[in-house]
Amino acid sequence: MPQAPDLETRITGHEPEDTRLWLRMLSCCNLIENELRSRLRSEFRTTLPRFDLMSQLTHAPKGLKMSELSRQMMVTNGNITGITDQLEKDGLVERLKDATDRRSSLIRLTLKGRRYQRKMQRAHEAWIESLLSGLPQQARATLFDLLGELKLATHSRLPVQ
């Protein structure tokens with residue numbers, strides 16, 4: 001099977017192993033993410049950010065504040081506002097007044113939004129399974145564990161915020 005060109009094979013080969021590893025992980029993430037974006041666009045006429053926002057809301061049936069969505073999705077409040085405006089226009093989410101904070105509103109999926117999200121979620125899971133199926137199950141489990149170790153090791157070296 002021919003090798004797919006990726007970031008780590010286009011560099012000089014003299015880079016440190018850690019740099020090549022990081023580039024390989026980035027390449028894998030980009031390949032998968034780009035395919036998911038393409039499939040969401042073609043099969044559901046939606047974007048990955050819209051899907052991600054709706055996915056966050058599936059775990060919060062009473063709704064989430066924009067600031068909570070922003071923190072969970074690691075994007076600005078402005079991005080969340082724009083996506084929410086589009087989803088609300090399509091009848092997929094609704095804004096509710098927050099009884100505990102009159103200045104805020106909660107964003108929650110509508111019935112139409114929950115149905116649409118479930119359909120997209122099933123497809124999304126199948127796509128990921130298909131994309132990763134070329135790697136044996138044991139290798140996936142090992143990779144998952146190793147990436148967990150990397151996440152902890154990296155997190156421990158970040159400045160305290």
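Biologist: In what order do the three strands form the open sheet?
Modeller: This is a predicted model, where local features need pLDDT of at least 70, side-chain atom pairs count only at pLDDT 80 or more, and totals for chains, interfaces and linings use all residues. Residues are numbered from 1 along each chain as its sequence is written, and side-chain values use heavy atoms, with hydrogens and water left out. Strands are DSSP runs of E, at least two residues, and two of them pair if DSSP finds at least two bridges between them. The pairing is antiparallel, and the order is β1-β3-β2.

Biologist: Which residue in β3 is the bridge partner of Val93?
Modeller: β2 (93-98) is an edge strand, pairing on one side only. Its antiparallel pairing with β3 runs over six bridges. The partner of Val93 is Leu109.

Biologist: How is α1 oriented to α5?
Modeller: Axes are lines fitted to C-alpha atoms, for helices over the stretch in contact, with angles from 0 to 180 degrees between N-to-C directions. The axes of α1 and α5 come within 11 Å and cross at roughly 140°. Angles under 35 degrees count as roughly parallel, over 145 as roughly antiparallel, 65 to 115 as roughly perpendicular and the rest as oblique. Therefore α1 is, relative to α5, oblique.

Conventions:
Helices (H or I, at least four residues) and strands (E, at least two) are DSSP runs, numbered from the N terminus.
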